[in-house]
Amino acid sequence: MKSRVPKVLHRVAGRPMIDHVLDLAAELSPSSVTLVVGYGADLVRESLAARPGLRFALQEPQLGTGHALLQAEPLLEGASGIVLLLSGDVPLLKAATLRRLVTAHDAAGAAATVLTARVDQPEGYGRIVRESPGGRILRIVEHRDAGEEERRIREINTGIYAFDVAPLFAALHAIGAANAQGEYYLPDLVAIYRSRGLGVETVETGDVREVQGINSRSELAEASAAVRRRRCEELMAAGVTIVDPAATYIDSTVTVGADTTIHPNVYLEGATSIGEGCEIHSGVRVVDSAIGSGAVILNHCVITSSMIGDGVRVGPFAHVRPESHVMEGAHIGNFVELKKTTVGRGSKANHLTYLGDATIGEKVNVGAGTITCNYDGEKKHPTVIEDGAFIGSDTQLVAPVKVGRGAYVGAGSSITKDVPPGALAIARGTQVNKDGWVERRKKEKGKR
């Protein structure tokens, strides 16, 4: 990856690829999950600290795949049943494929079952060598160690296995490192098991895309595209209209209700939920936010860690920053910015406005160019605008300040004191008109 970041922490469709693999493992309800870490182990542990019950085994130094699995021996001591071995850089694998692997392994009573695939270009992969075409697996040969005839084999080892735990670790200790890379190859277990009379089976995946590993930034982008395409297909099957799936970027963690329409170049990320019957226009980015049913998000809006209620209209070019809540039927218009602000039901801020650290009641009208001056250089201060108030254009509300229920603020005012309910507040300089001033100025200029 040519990166200081451990490969498994690079993001696939918005999430570290290891999260995709661990979520997949969780779908099978395992009794325990152990992650073998090596390069960047501390960063990986830190990234996954919130996952309950996840155990870590450290591989140091890194001496190959067989050596990696051996590090889990102390954590699996006394265990029984099946060990399912996954790769942290294979995020596209499906639970149905793993269930088929485990079922076949269990039914055969095998010591090991290998998930295989057939590919047109097997270069770099370990080859499945069989007793005869279609016969039982004999061994797995890594590409670097394969002869000319073996390299013609198109059936490859995916690196995904099911093992009976009972004979596993004793056999791992028997693996040698007499190969091109001087490493302890896990695939050598197949030949060891066969020599000991233990059963080894294979299950072939029908979709080779599932088992493609990630070893470059290019493959990372391809995997992200595949995850997003899969999510778009799931959403469209559930009744969501996606105008151009190839130009729509929806994380696997996002939910979208039926009859919602998503236009091109929309980014829906993280723990985002979109209700039913919404319209999400082009250029919108929504991160870790909830948008209610019937909402319309117009072009080029950014919404982060906030809540948008049913029937709300936002944008175009609006910025809803974290901890904001726009309640049912409210309107947030073009070039309006919210930060840590609640906007009540039916209220409107339609033009060129900044509302920060504010609580705005129901059916409030906020005129164009209004600013809550919430920061004094040291602390943030709150602004409260109660139900039914009217804020004239180009008003500055210098916090902490409250505008009472049903009060009016005249355009161009700088409000520094609370406005009582039902009052009219005007805070601006007195207008002076000087008749004939323009003509006199022209004459003075002509004399120079």
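Which residue takes a positive phi just after α6? Select G197: its phi is about 75 degrees. Before going further, note that this is a predicted model, in which local features need pLDDT of at least 70 and side-chain atom pairs count only at pLDDT 80 or more, while totals for chains, interfaces and linings use all residues. Residues are numbered from 1 along each chain as its sequence is written, and side-chain values use heavy atoms, with hydrogens and water left out.

**Stop 1: helix α6**

Select residues 188-195, which form helix α6. Helices (H or I, at least four residues) and strands (E, at least two) are DSSP runs, numbered from the N terminus. Within this helix, L189, V190, I192 and Y193 are buried; buried means under 20% relative accessible area, exposed over 50%, and partly exposed in between (1.4 Å probe, protein chains only). Look down the axis of α6: its buried residues fall within an arc of 165 degrees, so they line one face of the helix. The arc is that of the directions from the helix axis to the C-beta atoms. An α-helix has 3.6 residues a turn, so residues three or four places apart point the same way.

Next, display what covers these buried residues, which includes β6 (112-118), β8 (137-141), β9 (155-164), α5 (165-172) and β10 (200-204). Contact here means heavy atoms within 4.5 Å.

**Stop 2: strands β3 and β4**

Select residues 33-37 and 54-58, the strands β3 and β4, which run parallel and are joined by five bridges. Two strands pair if DSSP finds at least two bridges between them. L35 has F56 in β4 as its bridge partner.

Move on to P61, in the loop between β4 and α3 (65-70). The peptide bond from E60 to P61 is cis, with omega near 0 degrees.

**Stop 3: the open sheet**

Now trace nine strands that form an open sheet with parallel pairing, in the order β13-β16-β19-β22-β25-β27-β29-β32-β35. At the edges stand β13 (255-256) and β35 (401-403), each with a single partner strand, so one side of each is left without a neighbour in the sheet. Within the sheet, select β22 (residues 307-308) and β25 (residues 325-326), which pair in the parallel sense over two bridges. The bridge partner of M307 in β25 is H325.

**Stop 4: strand β26 and its partners**

Select β26 (residues 331-339). Strand β23 (residues 313-314) pairs with β26 in the parallel sense over two bridges, and V314 has I332 as its bridge partner. Seven bridges join β26 to the parallel strand β28 (residues 348-356), where G356 is the bridge partner of K339.

In the loop between β23 and β24, select P316. The peptide bond from G315 to P316 is cis, with omega near 5 degrees.

**Stop 5: aromatic pairs**

The structure holds four aromatic pairs. Rings of Phe, Tyr and Trp (its six-membered ring) pair if their centres lie within 6.5 Å; planes under 30 degrees apart count as stacked, over 60 as edge-to-face and the rest as tilted. Select Y249 and Y267: the ring centres are 4.6 Å apart and the planes at 10 degrees, so the pair is stacked. Y249 lies in β12 (residues 248-250) and Y267 in β15 (residues 266-269), so the pair ties together parts that are 18 residues apart in sequence. Y249 is partly exposed at 25% relative accessibility, and Y267 is partly exposed at 34%.

Then select F317 and F335, whose ring centres are 5.1 Å apart with planes at 5 degrees, so this pair is stacked.

**Stop 6: two lysines with positive phi**

Select K340, in the loop between β26 and β27 (342-343). Its phi is near 50 degrees, a positive value in a residue other than glycine. Finish at K363, in the loop between β29 (358-360) and β30 (365-366), where phi is likewise positive, near 50 degrees. K340 is partly exposed, with a relative accessible area of 41%, whereas K363 is exposed, at 65%.
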